[in-house]
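This report describes the strand pairing in one protein model. The sequence and structure are shown first, and the description follows.

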Amino acid sequence: QVKFVESGGGLVQPGGSLRLSCAASGSINLSRYGMGWYRQVPGNEREWVAIIGTDVEHYADSVKGRFTISRDDAKSMLFLQMNSLVPEDTALYYCNIIPAASWGQGTQVTVSS
């Protein structure tokens, strides 16, 4: 069973940056899985933001060119560098493997002046 702990969220002004981290624990070899970042706004469904495989990355159109996903399998870590943040990026951000396992608590990102 794998568990995820997300961190790095916070309050940031429009145009600012944040770097999210995801620590995975459990008896799993993360290098065998694609991984992704997702976000959810209250009242809406969870949506994918960015996914990463061995040699491929995909981004939602809304974050393309602003967000960068990366991973460190040796440390069981996943990262999301978020630049040029806009208020529409405000959400609770989660990480997970693909296909999804159980969800962590997420980390809140709020973009506001």
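A residue is called buried when its relative accessible area is under 20%, and exposed when that area is over 50%. The model under discussion is a predicted one. By this criterion, strand E4, which spans residues 34-40, is mostly covered, with five of its seven residues buried.

Strand E4 has two antiparallel partners. Seven bridges join E4 to strand E9, residues 91-98, and within this pairing Gly36 has Asn96 of E9 as its bridge partner. With strand E5, residues 47-52, E4 forms five bridges; here Met35 stands opposite Ile52. E4 and E5 together make a hairpin in which six residues lie between the two strands. Gly43, located in that turn, has a positive phi of about 90°.

An open sheet is built from four strands in the order E1-E3-E8-E7, with antiparallel pairing. Its edges are strand E1 (2-7) and strand E7 (67-72), each of which pairs on one side only. From one strand to the next, the twist averages 15°. Within this sheet, E1 pairs with strand E3, residues 18-26, through six bridges in the antiparallel sense, and Ser21 in E3 is the bridge partner of Ser7.

| Strand pair | Sense | Bridges |
|---|---|---|
| E1 and E3 | antiparallel | six bridges |
| E4 and E9 | antiparallel | seven bridges |
| E4 and E5 | antiparallel | five bridges |

As background to reading such pairings, side chains in a regular strand alternate between the two faces of the sheet.

Definitions and conventions. Residues numbered from 1 in each chain as written. Predicted model: local features only at pLDDT ≥ 70, side-chain atom pairs only at ≥ 80, totals over all residues. Heavy atoms only, no water. Pairing = 2+ DSSP bridges. Axes fitted to C-alpha atoms, helices over the stretch in contact; angles between N-to-C directions. Buried < 20%, exposed > 50% of the residue type's maximum accessible area, 1.4 Å probe, protein only.
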